[in-house]
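Subject: Structure handover and findings

Hello,

Here is the structure for you to look over. My notes come after it.

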Amino acid sequence: MLLAEAAARRGLPVLERVRGGVRDLHWYGGPLAADRVAAPAGIALLEPADTWLAALPYELTHRRIESTTLGEARALRRPTFVKPPSDKSLPAAVYADGSRLPPPDAVARITDDAAVLVSEVVEFAAEYRCFVRDGRVVTGGRYAVRGLLDPGPLASGARAFAERVVAWCAGAEPGLPGAVVLDVGPLTGGRWAVVEANMAWYAHCYTAGPERVLDVVLAATGPHHAVAPADRPFLRSLRPGQPPSAPPRL
């Protein structure tokens, strides 16, 4: 793993399991495992608000986006792109209508009260992943071309647009955490648009520099006492199915 190698070069221990007695842990892994393992260990996790994408102005998304629940999305009777905001609990895809959405599955956290984003169907000519820290894109790269995996370098236009989005969020609600991943790309018509924002601790590097990615991951997860006041609204909250022994969020 690229991030594990980058951590080892810094002399940081890489643990496959969270061990008792180890302090100041950081996390890199999926959200389900994070709720089961990282949260009980007292690891703070930053993530964008579920409503962030839907709150952006049309000029940054170039499509109508609504924040709703999976149960309400089942009533849709038109082709719609549906995705969970961050948990990846159901496949992000274009569904012919709401009846095609996956059935409830408690184990996978596919419940009718789960938050989802529904949007108009658009096509991105390319998609770029930008790792952002303190309002700046520190590294990134292309991960897809016309919906197919195709890693490549970070285009200057992607960096410029991503930093424009971050600057807009600095004066808006709900804003973005200080360490986050922002995916952007040009639509087939040429206009740049936001794809989504994600938690840095569950984002693939693709062609981004692993050393710089590690900086963002370390800033997006760690001990609660190290979380900046401005980032506390972005602490991941308790999710259904998390062990009852988990400590309350600060």
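Predicted model: local features only at pLDDT ≥ 70, side-chain atom pairs only at ≥ 80, totals over all residues.

Residues are numbered from 1 along each chain as its sequence is written, and side-chain values use heavy atoms, with hydrogens and water left out.

Pockets

The largest pocket has a volume of about 780 Å³. A pocket here is an open set of points on a 1 Å grid over the protein atoms alone, where a 1.4 Å probe fits, with protein on both sides within 12 Å along at least five of seven lines; lining residues have an atom within 4 Å of a point. Points are joined across faces, edges and corners, and the volume is the space filled by probe spheres set on them.

The lining of the largest pocket consists of 35 residues, and Phe81, Ala92, Glu127, Val195 and Glu196 lie nearest the centre. At least two lining residues come from each of β3 (80-83), β5 (115-119), β6 (126-133), β7 (136-145), β8 (148-152) and β10 (192-198). Strands (E, at least two residues) and helices (H or I, at least four) are DSSP runs, numbered from the N terminus. β10 gives the largest share, 3 residues. By class, this lining has 21 nonpolar, 4 polar and 10 charged residues; Ala, Val, Leu, Ile, Met, Phe, Trp, Tyr, Cys and Pro count as nonpolar, Asp, Glu, Lys and Arg as charged, and the others, Gly among them, as polar.

The second largest pocket holds about 670 Å³ of space. It has 23 lining residues, with Pro13, Val14, Leu15, His26 and Tyr28 nearest its centre. Two or more of the lining residues are given by each of α1 (2-9) and α7 (210-220). The lining of the second largest pocket divides into 18 nonpolar, 1 polar and 4 charged residues.

Sheet

Four strands form an open sheet in the order β2-β5-β3-β4, with antiparallel pairing; two strands pair if DSSP finds at least two bridges between them. β2 (65-69) and β4 (93-95) are the edge strands, each pairing on one side only. Antiparallel β3 and β4 are joined by 3 bridges, and valine 82 has alanine 93 in β4 as its bridge partner.

Histidine 62

Histidine 62 sits in the loop between α4 (58-61) and β2. Histidine 62 counts as buried because its relative accessibility is 15%, where buried means under 20% relative accessible area (1.4 Å probe, protein chains only).

Regards

Definitions and conventions:
Buried < 20%, exposed > 50% of the residue type's maximum accessible area, 1.4 Å probe, protein only.
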